[in-house]
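Let's take a friendly look at a protein model together. Keep the picture in view as you read.

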Amino acid sequence: MRIKELSERTGVSPRLLRYYEEQGLVTPRRLENGYRDYDEPLFVRVEQIRSLLDAGLTTEIIRAVLPCIAEAADSRYPAPDFVNRVCEERERMAERLAHLARNLQAIDDYLEAVNRR
């Protein structure tokens, strides 16, 4: 599929898709005319990238983590510093999730009180 179709399917702008390519997050095939050609697995990859970015990970961390997501059994062992960074990011995400859960509960409590009136 062409970049426009992938953009429409994912809601990610063509400019951002090209940025993902520059960052090494996606690698579309190139057709003879130079156009990018995205296959179905790249559609899934773009959705994973969006989710990880929304969770607060940087493109640098995502680039390193994506192969592990794609292949459950990755034979490469990352440097301990990198593993520590990922652990720190995970902890930060867990804290954000707990904060969001508290906010969600507060909103639910408010709506329940309003609906009882």
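What follows is a short report on a pair of helices and some salt bridges.

## About the model

This is a predicted model, in which local features need pLDDT of at least 70 and side-chain atom pairs count only at pLDDT 80 or more, while totals for chains, interfaces and linings use all residues. Residues are numbered from 1 along each chain as its sequence is written, and side-chain values use heavy atoms, leaving out hydrogens and water.

## Two crossing helices

Start with helix H1 (residues 3–10) and helix H2 (residues 14–22), whose axes come within 9 Å and cross at roughly 105°. H1 and H2 are therefore roughly perpendicular to each other (the term covers angles of 65 to 115 degrees). Helices here are DSSP runs of H or I with at least four residues, numbered from the N terminus.

On the H1 side, the contact (heavy atoms within 4.5 Å) is made by Ile3, Leu6 and Ser7, and on the H2 side by Pro14, Leu17 and Arg18.

## Salt bridges

Side chains of opposite charge can pair when their charged atoms come close. The structure holds eight salt bridges (a side-chain nitrogen of Lys or Arg within 4 Å of a carboxyl oxygen of Asp or Glu).

Glu60 and Arg85 form one of them, at 3.2 Å from N to O. Glu60 lies in helix H4 (residues 59–70) and Arg85 in helix H5 (residues 80–116), so this pair ties together parts 25 residues apart in sequence. Another salt bridge joins Asp54 and Arg50, which are four residues apart in helix H3 (residues 40–54), about one helical turn. Finally, Glu21, Arg30 and Arg36 are linked in a network of salt bridges.

Notes. Axes are lines fitted to C-alpha atoms, for helices over the stretch in contact, and angles run from 0 to 180 degrees between N-to-C directions. Angles under 35 degrees count as roughly parallel, over 145 as roughly antiparallel, 65 to 115 as roughly perpendicular and the rest as oblique.
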